[in-house]
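Hi,

Here is the structure I promised to pass on to you. Please open it first, and then read my notes below.

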Amino acid sequence: LLRPFAGDTSWLGYSGGELSINALLREVGFSRPPPTLTEYRVNIVNATLARWKKNGAVAVKFMCAYARPIDFEVVDEAAPTPVYLKALKGAEPLSPGEHKLLEDYLFGAISAAAGAQQLVVQVHTGNSDGPFFNNGNANPALLENALNSRPLRKTSFVLLHGGWPYHALAQAMMDKPN
C-alpha cells in the first residue's frame, strides 16, 4: 500500500508472499490506481483495511525496513498530491525524495486508518534475515516522530523483533501509550 505504482512486483524484494499492489487494487475493484491521492486513501487503503478486518485480521505489518529507513514523518495530504499525480501520469520516474514524501504520507494514512479499524500496526525493527540487510534502516528510534504525532496517538504499534541491536532504544520507547 506504500507504493501505489509498483505494479505486480514487490519493491521490497521480500520472498515471503506474492501480494502486489495490482492484486490489492483488483481485490477492491480497480485495475489501476485511482485518479487522486484522496481516492487512493479512501477507495484502496481504507477499503483494503476494512476488508482485512472483516476477514479476521488483527494487525497490518510494515516490512519496509528491507528497502528503506523507517524514518516516517507525518505529512499533510497536500504535499504528496503532486507526486502522486506525477506518478499516475508515468511520464518520468519519481526521485528518491518524492518516493519518501509519498510513502511518509501513506504510512501515516495507513496507520491512522488501521487504528480506526482497531488493527494493530506492526513495524519490522532491528536485525533481519540475510547478510545484506541494513540494520540502520530498522532502528526503532526512527519511528519516534510518527509515534509521537497527534494523528497516530490512538493507533497501537508493535515494534517487531524488539529492535535488536537497538533494544535499549526500543525499551525506552515502551513508555509511549500507543
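Let me start with a question: which elements do the buried residues of α2 pack against? They pack against α1 (21–27), β1 (59–62), α3 (81–89) and α4 (96–116).

Before going further, two notes on how to read this. This is a predicted model, in which local features need pLDDT of at least 70 and side-chain atom pairs count only at pLDDT 80 or more, while totals for chains, interfaces and linings use all residues. Residues are numbered from 1 along each chain as its sequence is written, and side-chain values use heavy atoms, with hydrogens and water left out.

**The whole protein**

The protein has 6 helices and 3 strands (DSSP runs numbered from the N terminus: H or I of at least four residues for helices, E of at least two for strands). Along the sequence, the pattern reads α-α-β-α-α-β-α-β-α. The radius of gyration of the protein is 16 Å, which agrees with the value near 16 Å for a compact globule of 178 residues (taken over C-alpha atoms; the rule is 2.2 Å times the number of residues to the power 0.38). Taken along the principal axes, the C-alpha atoms fill a box of roughly 45 × 35 × 30 Å.

Of the 178 residues, 41% count as buried (buried is under 20% relative accessible area, exposed over 50%, partly exposed in between, with a 1.4 Å probe and protein chains only). Among contacts between residues at least 6 apart in sequence, 73% join residues at least 24 apart (contact means heavy atoms within 4.5 Å).

**Back to helix α2**

Helix α2 covers residues 37–54, 18 residues in total, and reaches 24 Å from its first C-alpha to its last, close to the 26 Å expected (1.5 Å times one less than the number of residues). Its buried residues are Leu37, Tyr40, Ile44, Val45, Thr48 and Leu49. Gly56 follows α2 and has a positive phi, near 105°.

Asn46 also sits in α2, and it counts as partly exposed because its relative accessibility is 27%. Setting aside neighbours within four places in sequence, Asn46 is in contact with Arg41 and Ala113. Asn46 and Ala114 are 68 residues apart in sequence, yet 8.1 Å apart in space, C-alpha to C-alpha.

**The sheet**

The 3 strands form an open sheet in the order β1-β2-β3, with parallel pairing (two strands pair if DSSP finds at least two bridges between them). β1 and β3 (157–160) stand at the edges with a single partner strand each, so one side of each has no neighbour in the sheet. From one strand to the next, the twist averages 25° (axes are lines fitted to C-alpha atoms, for helices over the stretch in contact, and angles run from 0 to 180 degrees between N-to-C directions).

β1 and β2 (residues 120–124) are joined by 4 bridges, and β2 and β3 also pair over 4 bridges. Val123 in β2 is the bridge partner of Phe62, and the partner of Val123 in β3 is Leu159. Helix α4 packs on the sheet, touching β1, β2 and β3, and its direction makes about 160° with that of β1.

Happy browsing!
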